[in-house]
Amino acid sequence: MCYRILFYSLSVLLFLAGCGKIIDMEADKKEVEYVICKESNLPAQLQEILKEKKKKAGTFTFSNSMYTYLVVCYGPKPYSGYSVRIEECSRTTEALYLRTQLIGPSASEPVIETETFPFLVVRCEKVDVLCIIDS
């Protein structure tokens, strides 16, 4: 009985191990042309989604017939003056990759104590590959 359970457990583990796919983000990496979008220039459906999503830290993608939008939300911050910098936007044959960094207010910049929700929306030509957002 124990051998049967062990056999089935090992079979399931071997099956699951074969289901994963490793994406090599260094292979044939090419820079991607992109546009940083203001909230007012986004499609209406994306604006509605963003109203709620920007209140929590996270990432998501949105596509329409022409573009893929990569969205990074950094959640609530207690002060004004935050910005988001794009470190990299590239693609391989298997994936589109965006890496960003949150930049806090500079020491010389006056800040206002108010809740803000820093986010970034990047628009690229529509792609049908995996989108990976690292923030």
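From the N terminus on, the elements of the protein chain follow the order α-β-β-α-β-β-β-β-β-β-β-β. That comes to two helices and 10 strands, where helices (H or I, at least four residues) and strands (E, at least two) are DSSP runs numbered from the N terminus. The model is a predicted one, so to speak a computed picture: local features need pLDDT of at least 70, side-chain atom pairs count only at pLDDT 80 or more, and totals for chains, interfaces and linings use all residues. Residues are numbered from 1 along each chain as its sequence is written, and side-chain values use heavy atoms, with hydrogens and water left out.

How much of the chain is tucked away? Of its 135 residues, 27% count as buried, meaning under 20% relative accessible area, while exposed means over 50% and partly exposed is in between (1.4 Å probe, protein chains only). Take the contacts (heavy atoms within 4.5 Å) between residues at least 6 apart in sequence: 69% of them join residues at least 24 apart.

Now for the inside. In soluble globular proteins, nonpolar side chains tend to be buried together. A nonpolar core is a set of buried Ala, Val, Leu, Ile, Met, Phe, Trp, Tyr and Cys residues joined through side-chain atoms within 4.5 Å. The largest one here has 14 residues, and Leu70, Ile86, Cys89, Leu96, Leu98, Val122 and Cys124 touch the most other members. Strand 4 (67-74), strand 6, strand 7 and strand 9 (119-125) each give two or more residues to this core. Another core, of 10 residues, lies apart from it, with Leu42, Leu46, Leu50 and Phe60 among them.

Lys54 sits in the loop between helix 2 (44-53) and strand 3 (57-63), and Lys54 counts as buried because its relative accessible area is 18%. Neighbours within four places aside, Lys54 is in contact with Glu39, Cys73, Gly75, Phe117 and Phe119. With the side chain of Glu39, the Lys54 side chain makes a polar contact at 3.3 Å, that is, a pair of N or O atoms within 3.5 Å; within protein, one must be able to donate a hydrogen and the other to accept it, and residues adjacent in sequence count only if both atoms are side-chain atoms.

Thr92 belongs to the loop between strand 6 (83-91) and strand 7 (95-103), and Thr92 is buried because its relative accessibility is 5%. Its side chain reaches the backbone nitrogen of Glu94 at 3.1 Å.
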